[in-house]
Amino acid sequence: MPKKIRKVFDQDGLLAQVISGYTPREPQIQMAEGVAEAVKLKQTLIVEAGTGTGKTFAYLAPAFASTGKAIISTGTKNLQEQLFHRDLPVVRDAMSSHKLVALLKGRSNYLCKFRMDQYGKTNRGLDKAQLMELTTVRSWAEGTSSGDMGELKALPENAKILPFVTSTVDNCLGRDCPDYDGCYLVKARQSALDADIIVVNHHLFFADLALKDTGFGELIPDAETIIFDEAHQVPDIASEYFGQQFSTRFLHDAARDIHQIYRTSLKDIEQADKIATKLAALAADFRLAFPEKGQRGKYIEAIENASVAETLQRLTETLHTCVDVLKVHIGRDKALDNIYERMVQAKTNLAAVTDTSVLGVSLWYETTMKQVVLHRTPLSIAEKFNEIAQSPKRSWIFTSATLMVDGGFTHFQDAMGLHSAKTMTLGSPFNYAEQAMLCVPRLLPEPSDKRMLGHLIDISKQLVRAAKGRCFLLFTSHYMLRRVAESLQEEITNKILVQGTTTKQALLDAYLADSTSVLCATGAFWEGVDVRGDDLVCVLIDKLPFAAPDDPLLQAKIDDCKKNGGNAFANIQIPQAVITLKQGAGRLIRDETDKGVLVICDTRLATKEYGKIFLKSLPPMRRTRDLQQAVQFLETLKPQR
Amino acid sequence: MTQVIFYQLDNAATPAAIPAELAFACDVVAKCYRTNQKLTVLCADKASAEAFDELLWQLPADSFIAHNLAGEGPVGGAPVEITWGNESALRATVVNVAMQDIPNPNRYKMIFDFVPTDETAKQMARERYKTFKIAGCSMQFQKAAEFN
């Protein structure tokens with residue numbers, strides 16, 4: 001079969017017959033053959049495929065050519081849709097495959113008729129805006145066949161009605177639900193079960209694998225091939241799901257739902273309603289015991305604060321009482337039974353996330369505006385994942401443009417416990433030396449120096465002027481982002497788009513709409529943004545993206561590494577920063593004709609010995625330290641429109 | 001005793017845009033860097049310091065040399081520091097790309113210097129050679145082509 005795959009990609013092959021102007025790319029064929037072989041022999045394969053290799057087709061073709069079921073998992077919902085609606089049909093048609101394909105999203109993307117009706121009946125607890133949104137949802141609900149909320153474009157991504165018309169693991173009644181037969185989620189899962197190729201995302205995949213969501217666990221066992229695209233994200237996402245969490249949000253949601261039941265179906269559960277209200281109040285108090293500004297930190301440090309410890313104590317006791325009270329009513333109302341079960345689970349989770357005696361895990365907390373989430377995260381998933389990957393025997397494919405650090409896969413293999421996996425590296429077909437320039441400007445202060453701000457503003461202005469907009473300015477901190485964006489808004493006339501003012505997609509649309517605009521962003525834009533051609537000719541990065549030292553999970557991993565005599569900086573922090581930087585740099589050159597400049601305002605790339613690891617891991621761009629060279633190069637890149 | 005090595009440059013295979021002493025000094029610096037020998041590269045002026053910085057920065061990633069210009073970099077400097085116009089802040093090992101006199105050469109452990117092909121510059125190199133010798137340094141002379 002691996003040989004057969006070549007026929008798909010040849011000059012007169014199957015793809016050439018459906019894509020006009022198709023040219024075979026040798027690295028893509030190599031990857032397809034590698035994947036096909038791994039699928040056939042049920043092997044694990046890790047592939048770094050540089051930008052422009054065409055890795056999507058290179059794994060889709062073997063998936064269609066294989067005889068068994070395949071699951072393809074990618075990073076986000078958007079990428080899932082792109083893969084399913086754009087790339088997958090091309091390969092399927094080219095190969096004249098009759099395989100059934102399905103797109104499966106996470107639970108919160110599907111309409112829950114039961115909850116919609118529950119809230120639609122009384123309208124209580126909803127504000128005016130939510131009521132209007134509810135009307136929109138209800139009229140759409142009449143006609144939808146998929147129940148995928150994504151169809152409802154009229155509703156904003158973050159509409160406040162969404163939690164009331166979709167379900168969570170916590171409030172889903174499962175088979176006990178009166179609407180079970182018409183449940184869109186169940187239907188979507190059923191069609192995924194029937195399909196030969198299923199497109200999911202990493203979060204969904206690992207939720208299922210870790211059995212954190214019920215009723216879906218039967219999907220993975222059947223798959224003979226599991227393919228991860230954007231696989232560099234997998235270690236972090238996987239460890240999230242192999243741990244436990246306890247969120248105050250659950251208590252608020254449960255209290256609200258108990259109140260709703262008390263009001264509609266069980267008028268005599270006043271005691272339960274009262275205790276639930278008290279629980280919600282304590283959850284709010286618990287949040288107030290932390291500083292107002294959202295933060296993350298170690299659990300053991302949090303409970304040094306007397307009021308945090310005391311509120312947590314009372315919260316725990318009340319949760320136990322609540323479980324006891326609800327137990328009395330078991331069997332009377334399906335929704336209430338479900339809340340009871342979830343409360344019991346929450347009790348177990350709370351015990352887990354506060355148990356300081358367990359080794360090999362990090363206990364940490366995270367506060368948002370209104371909630372506190374306590375986490376227990378395993379420091380390593382290597383052993384656990386290795387077991388999963390060993391049995392049953394099947395093929396696992398991991399691919400991404402950014403898996404290698406310093407020319408090797410050790411970092412990824414260590415994290416995933418995949419030491420015996422085959423690896424493969426495919427260079428990008430781009431001519432980076434011609435197409436791109438990397439500039440680390442001279443004589444900048446050290447990154448933490450206060451004077452950096454002035455330099456960043458000055459450099460940004462020069463670049464924006466030379467490039468006539470068309471820049472991404474990427475920052476490692478919100479503070480720097482805000483300050484630089486403010487100055488630019490005052491001092492230059494180009495439109496400055498700032499992350500945080502609207503959704504990611506809306507910002508990107510605005511960026512593309514105005515060909516002279518500048519986008520200032522942090523984290524979210526370092527990855528998964530695909531702006532081709534002239535609209536993006538310059539990416540500025542303020543400093544090497546070492547993870548924030550306040551990340552408690554990272555801290556725990558570092559401590560653990562040191563305890564075992566390892567060099568945490570070399571083994572953990574550098575690889576992480578390398579992958580992030582590669583992602584950020586990857587925004588610049590997206591196809592053969594793209595040109596551009598990457599400016600990294602961090603002299604450590606030149607002055608520190610570890611600069612070598614970063615340079616070796618970045619695409620082979622022409623290098624300069626002279627900002628004027630970068631400016632002149634940008635000036636030659638005339639806008640086409 | 002201070003060791004001074006003069007290298008006789010030849011114009012053989014250096015790209016026209018890069019002065020021969022800079023190109024050759026790059027090899028000398030690379031050798032010291034591989035043996036963890038911290039050093040200062042003394043340049044004639046800012047422009048030539050920046051040209052040398054650019055040379056090091058453009059080396060293939062596998063031959064990376066961590067370096068800084070005077071005025072940037074971590075406290076204590078990178079393994080290789082490039083400086084100009086300030087002969088008092090030198091490290092024990094000096095690469096004299098500036099091809100100028102170094103006051104009190106006895107303070108240093110090792111000085112690398114160069115004899116260019118240009119006649120005037122060659123004459124100046126002879127003068128420096130004498131000055132170092134009078135100061136009591138141990139002198140060596142080598143052809144650049146024989147450097148390894």
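**Notebook: salt bridges across and within chains**

I looked up R625(A) and E72(B) and found both buried, where buried stands for under 20% relative accessible area, exposed for over 50% and partly exposed for in between (1.4 Å probe, protein chains only). The model is predicted, so I note that local features need pLDDT of at least 70 and side-chain atom pairs count only at pLDDT 80 or more, while totals for chains, interfaces and linings use all residues. Residues are numbered from 1 along each chain as its sequence is written, chains are lettered from A and ligands numbered from 1 in the order in which they are written, and side-chain values use heavy atoms, with hydrogens and water left out.

R625(A) and E72(B) form a salt bridge with their closest N and O atoms 2.7 Å apart, the term meaning a side-chain nitrogen of Lys or Arg within 4 Å of a carboxyl oxygen of Asp or Glu. I placed R625(A) in the loop between strand 18 (622-624) and helix 28 (627-636) of chain A, and E72(B) in the loop between strand 3 (67-69) and strand 4 (80-84) of chain B, so the pair joins two chains; helices (H or I, at least four residues) and strands (E, at least two) are DSSP runs, numbered from the N terminus. I then traced a salt-bridge network that links R442(A), R625(A), K46(B), E50(B), D53(B), E54(B) and E72(B).
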